[in-house]
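Hi,

Here is the structure I promised to pass on.

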Amino acid sequence: MTINAVKGRALALGGAVALMAVPAHAETSAAGQYRWVTFAVFAAIIALTMYITYVAAKRVKSASDFYTAGGGISGMQNGWAIAGDYLSAASFLGIAGLISLYGYDGFMFSVGWLVAYITVLLLIAEPCRNIGKYTLSDILAYRNDPRKTRVVGALSVITVSTFYLTAQMVGGGVLVKTLIGIDYEVSVIAVGVLMLSYVLFGGMVATTWVQVVKAVLLVAASIIIVMLVWTPYGFSLPAFMQDVVSDPKVQARVATLLGDPAKNMTAAELGQRFLEPGLYFKAPIDQISLGMALVFGTAGLPHILMRFFTVPTAQQARKSVVWAMAIIGGFYVLTLFLGFGAARFVGSANIAAVDAGGNMAGPLLAQYIGGGADSFFGNFMLAFVSAVAFATIVAVVAGLVLAAASAMAHDLWVGVVHGGETVAPQQQVRAARIATVIVGAIAILIGIAAKGQNVAVLVALAFAVAASANFPCVLLTLYWKRCNTTGVVSGMIVGTLLAVGLTLVSPNLTYPKAVRAAAHKVLDAEPAKREAIAAAVASGDAAKAAKAAKDAAALDKAISKAKADMAKVEGQETSFVGLEKPLIELKNPGLYSIPLGFLAVILGSLLGRDKRSEDMWDEVYVRQNTGLLASRSTAH
Amino acid sequence: MAPANSSIDWAAVIADPRFQKLHRRKTAFLWGLMAFSVVYYFALPIGAAYFQELFKIRVWGVLNVGLLFALSEFVVAWGIAIYYSHVANTEFDRIASEIAADFTKRAGS
């Protein structure tokens, strides 16, 4: 019982660290007298997850409990957990933001995130459940040379998880800072400590339930907001959209986005343009490449694959994907209302003023719809959505840390160092916990070190590596008779290197010369614009003068941004990898790296020979199709 | 993995006509559905990029072809999931568990 007492105290400490961060929150988000509301909502949600972890900690005894909750999660529970694992802050806040700022393109962007699960459902989920045990590499190692494939598999898993984790930590730090106004470093540490306490003590059991709770809260919050937004329109979609496109704020936004061509358009045309493609995605090929990385990369994301080992049978794995698709898809349909609702009621100018990426669209809409910044319910809604966003970051990070830790402890330590010989269960759990602390500490350190960096590229990179390395290797191991160790090793290496390499020479990086040129353009145009503003003010027309004052403010902002950009690239001539301009135009390398990743597995397999891979084909193929001998341990 | 699995004759399962039938049926069904979903999905970004005039046509109030097509992606994805589950639940699972039970018994005796 002393162990439980220690765990309890450690959990309380983790909660306290996270909570201490809250009272220091800023005046920017909630009005001063409603600060206690934010505090209470955060405390309630953190306390709930802590309680879950405390209960879960008692159930984690074996490695199977730690990595896969003993395979005792039901299909429906797992479906909610997958949704909780997958709906990261980027998709939850980011897509609503994209829709609020760019209309149609933002909504189109959300589609790929759902379609990705068809690949998971049809090709990956059930075979993985039938063959795997704890990790992605288990599947590769079952058929191919265990030592070699575990090494390359684990490296790829750690690469993908670290990229994704860094993006989440940095994005989360910024978000928590914006939402509740605490320091960036403090919010990164709060996210890290809280996540570590879930994973360390509660393993997959606690991680699963934290993800389920988060998904339920997220969906509930979205439904409430959408109901409040939609009710005045009698639940009519055309009536709602008609009102959105008739709104002057929306029309002004489109005029700003289009620039000169907007001058000949009527207000109605401008509004309608918000529902048409092309305001965000300028290069179609980028959108297609990104779509490929999403649709094939999700099936190679280690923290998503790992979720299929938590259910007892292939039938439950299937059921969990169907549930996940219902929840994730339903959520993105709700996002349509959140995004367009935010554009209509909050206005894109106000959204972009708080966060240029539009991440605050959802929270600001919640505040508006609850009654505004001066009302109790408005602040309650803002606090609630902020707390859900916080829970979102923690839940996603927990799943990622668990995936990376399992690759280190299960694949590298037990599988490679011990060569698969029997390792005592207690030792396995201890190894898993040590790996968790290592990964968690690294995540916090990277999160703090990467402050202010552009991390969007890392999400693209994680999906690109997953789609170009993990996906071809897993798919061909499962479905191609000729596939073997050489193929898997070369596929993992080529896929990872290509995805990373192509991203490093893509337009995602900062190119000092281009930044300087853009800044110069803004600065050079200043005198002419100042003259126009002065002329407008001098004209004596009140409306013109008011517009000129607005323009002057916008110009001041643009000038200071241009100057800041110039200062940032001061003395630099080339990008991080020494290029003056990008070698490829694609933002996401998927279009090239996915086919080449497949090619590497195929060529490697044809060139190499491996008796084990050939001998195991019959067994792998029968087992993945029939579930023969699939471990159905439920442990409880 | 339990050492008991060595007693199952995997080649015999592969040669079993029921397994052959399951394999043929699943291969055609899964890859067909997969191909359809990929084509249907990529029609959206391709349409948004190259068929903008079509996407702009208003159909239902201010709702245009593009918006309704994007919404249809959700319906189609859910439809595929439900259809696949139905076929797998009623057909694939039955054959698979029959084969599994049969060969587990043979391995045991």
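How many residues does the contact take from chain B and from chain A? Keep in mind that this is a predicted model. The answer is 54 residues from chain B and 55 residues from chain A. Between them, the two chains bury about 5000 Å², and 77% of that is on carbon and sulfur atoms.

Counting residue pairs in polar contact between chain B and chain A, with both at pLDDT 80 or more, gives eleven.

Which parts of chain B touch chain A? Helices H1 (10-15), H2 (17-50), H3 (52-56) and H4 (65-108) of chain B, along with strands E1 (58-60) and E2 (63-64), each supply at least two residues. H4(B) gives the largest share of that side, 20 residues. By type, the side of chain B that touches chain A splits into 39 nonpolar, ten polar and five charged residues.

I also looked at a helix pair inside chain A. H13(A) (residues 284-297) and H25(A) (residues 590-607) pack with their axes 8 Å apart, at an angle of about 40°, so H13(A) and H25(A) are oblique to each other. From H13(A), the residues involved are Ile285(A), Ser289(A), Met292(A), Ala293(A) and Phe296(A); they meet Gly590(A), Leu591(A), Ile594(A) and Pro595(A) of H25(A). That contact of H13(A) with H25(A) comprises seven nonpolar and two polar residues, with no charged ones.

Cheers

Methods
Residues are numbered from 1 along each chain as its sequence is written. Chains are lettered from A and ligands numbered from 1 in the order in which they are written. This is a predicted model: local features need pLDDT of at least 70, side-chain atom pairs count only at pLDDT 80 or more; totals for chains, interfaces and linings use all residues. Side-chain values use heavy atoms; hydrogens and water are left out. Contact means heavy atoms within 4.5 Å. Buried area is the accessible area (1.4 Å probe) that two parts lose on being put together, summed over both. A polar contact is a pair of N or O atoms within 3.5 Å; within protein, one must be able to donate a hydrogen and the other to accept it, and residues adjacent in sequence count only if both atoms are side-chain atoms. Helices (H or I, at least four residues) and strands (E, at least two) are DSSP runs, numbered from the N terminus. Ala, Val, Leu, Ile, Met, Phe, Trp, Tyr, Cys and Pro count as nonpolar, Asp, Glu, Lys and Arg as charged, and the others, Gly among them, as polar. Axes are lines fitted to C-alpha atoms, for helices over the stretch in contact, and angles run from 0 to 180 degrees between N-to-C directions. Angles under 35 degrees count as roughly parallel, over 145 as roughly antiparallel, 65 to 115 as roughly perpendicular and the rest as oblique.
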